[in-house]
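Trainee: I am new to this structure. Please show me how to read its features, one by one.

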Amino acid sequence: IFGRIDYNFNEKYFLDFSLRRDGSSKFSPSHKYGNFWSAGAMWNVKKENFLKEVESVNDLSIKFSAGTTGNSDIGNYTHQALTSSSQYGGNTSWSITTSGNPELTWERQTKYSLGVISRLFNRVSLELELYNRLTTDMLMAVPVAYTTGFATIQKNVGELQNRGVGVTLSIDAYKNKSNDVYVKPYVTFNYNQEKVLEIFDGKQSWYRSGYGYGYVIGKPVMYYYPILKGVNPDTGMLEWYLPSDDMGQETRDSSRVTSTFSTDRLTQNTGYRYNAPINGGFGLSTAYKAFSLQLDFTYSYGKYLINNDRYFTENPTRFAGYNQNRSVFDYWKNPGDNTRFPKYGAQHFTWFDSGLIEDASFIRLKNVTLAYSMPSDVLKDVGFFKTVRFYATGRNLLTWTKYSGPDPEIDSNLALGNNPNTKQYVFGVELKF
């Protein structure tokens, strides 16, 4: 069920309000429904008398919005305690296989945003948004004592804050009166500050076993893995930093290392963010008479990916049947060697540790389109077409990154056998009658 009310007064003051009630059978009947709302207001400042005659300001609006949304993205029947059959002593037996939680309900997000939309000097368009988004009652598998018969129980716990700024700027850098020639660059920028505000049971940190990330109060979501120190040049053995008593703290003490790998014993906060804080794009639109060019770039800064492919392609002692990367030739042979991999046969070359976490920040040329439109006077002579446009488009042609895998733009924390964005070339003709 949903409804919406819009109101505007004199094209200067705008209000809107919406209310919806959603239901999901993923929750118990007593918690099936959630009520969510949103409200917004906008002030068209340009319409005011004190700004109406100011020629340098072509448009200026200020907007504010607030609202809530819900998330029910969990498995089916999670709120129910389910049973399954098995064999015991030659007879059929029944056991409880999932704990269930009849108190499960919607995960909620509450977002507040303040924005400005403007156009100045009939050349500069600027949009600015400040936002604060709070996620509460997060749906997570919370660890419980094994004496309950289960390792985890799905609950609504914790709070996560995301706040930041988004900017979109475009400039008519050059244009003539006939508009046969123009140059219009643009840039988009988003900075997001992520912070864990609450976990559960008063915990200051928590590692989600099997997921590769964890939570620390006051910090963003972080990668959790054993931290690789490197190959000891004297012994030829890989070494890892020993964590402190608090695995939520990143510990890199050169006096406390081990050459014996253990995921359970060595896992700790790596200091790498799980989500990139800066994302955006930039580009250029330009034209000269019948020719036009569009360039679009996208970028991400502070992004990290687990290059899981390297676990198989840089591990000749463990995966001998896999084609190996040439980098495996850089292994330790004599005391004093500074190498990437340990001495052959003593250890696996690559383990599932921080060594697989790579800086996947990138800049990519997502699109370039060059087009030619036949002049209108030529089309008049033909008398059949309204528009004839020839174009050539290239996608994902160039990428600048330190990431060694196939594609840094993969929308995941772990990359394994992913199909990368392919280079594409398109040639076409657009006809309008």
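Mentor: Start with the elements. Helices (H or I, at least four residues) and strands (E, at least two) are DSSP runs, numbered from the N terminus. This is a predicted model, where local features need pLDDT of at least 70, side-chain atom pairs count only at pLDDT 80 or more, and totals for chains, interfaces and linings use all residues. Residues are numbered from 1 along each chain as its sequence is written, and side-chain values use heavy atoms, with hydrogens and water left out.

Trainee: Where is the place of D309?

Mentor: D309 sits in the loop between β21 (304–307) and α3 (310–313).

Trainee: Which residues does D309 touch?

Mentor: Contact means heavy atoms within 4.5 Å. Not counting residues up to four places away in sequence, D309 touches P406, A415, L416 and G417. The side chain of D309 also reaches the backbone nitrogen of G417, at 2.9 Å.

Trainee: Is D309 buried or exposed?

Mentor: Buried means under 20% relative accessible area, exposed over 50%, partly exposed in between (1.4 Å probe, protein chains only). D309 is buried, yet has no salt bridge. A salt bridge is a side-chain nitrogen of Lys or Arg within 4 Å of a carboxyl oxygen of Asp or Glu. For D309, the nearest side chain of opposite charge is R310, 9.3 Å away. Lys and Arg count as positive and Asp and Glu as negative; His and the chain ends are not counted.

Trainee: Which residues make up the largest nonpolar core?

Mentor: In soluble globular proteins, nonpolar side chains tend to be buried together. A nonpolar core is a set of buried Ala, Val, Leu, Ile, Met, Phe, Trp, Tyr and Cys residues joined through side-chain atoms within 4.5 Å. Here the largest has 12 residues, including M138, V157, Y213, Y215 and V221. β8 (124–143), β9 (152–171) and β13 (213–216) each supply at least two of its residues. β8 gives the most, with three.

Trainee: How many aromatic pairs are there?

Mentor: Rings of Phe, Tyr and Trp (its six-membered ring) pair if their centres lie within 6.5 Å; planes under 30 degrees apart count as stacked, over 60 as edge-to-face and the rest as tilted. A search of the whole structure finds 30 pairs. The rings of Y213 and Y215 have centres 6.0 Å apart and planes at 75 degrees, so this pair is edge-to-face. Y213 is buried at 11% relative accessible area, and Y215 is buried at 8%.

Terms used
A polar contact is a pair of N or O atoms within 3.5 Å; within protein, one must be able to donate a hydrogen and the other to accept it, and residues adjacent in sequence count only if both atoms are side-chain atoms.
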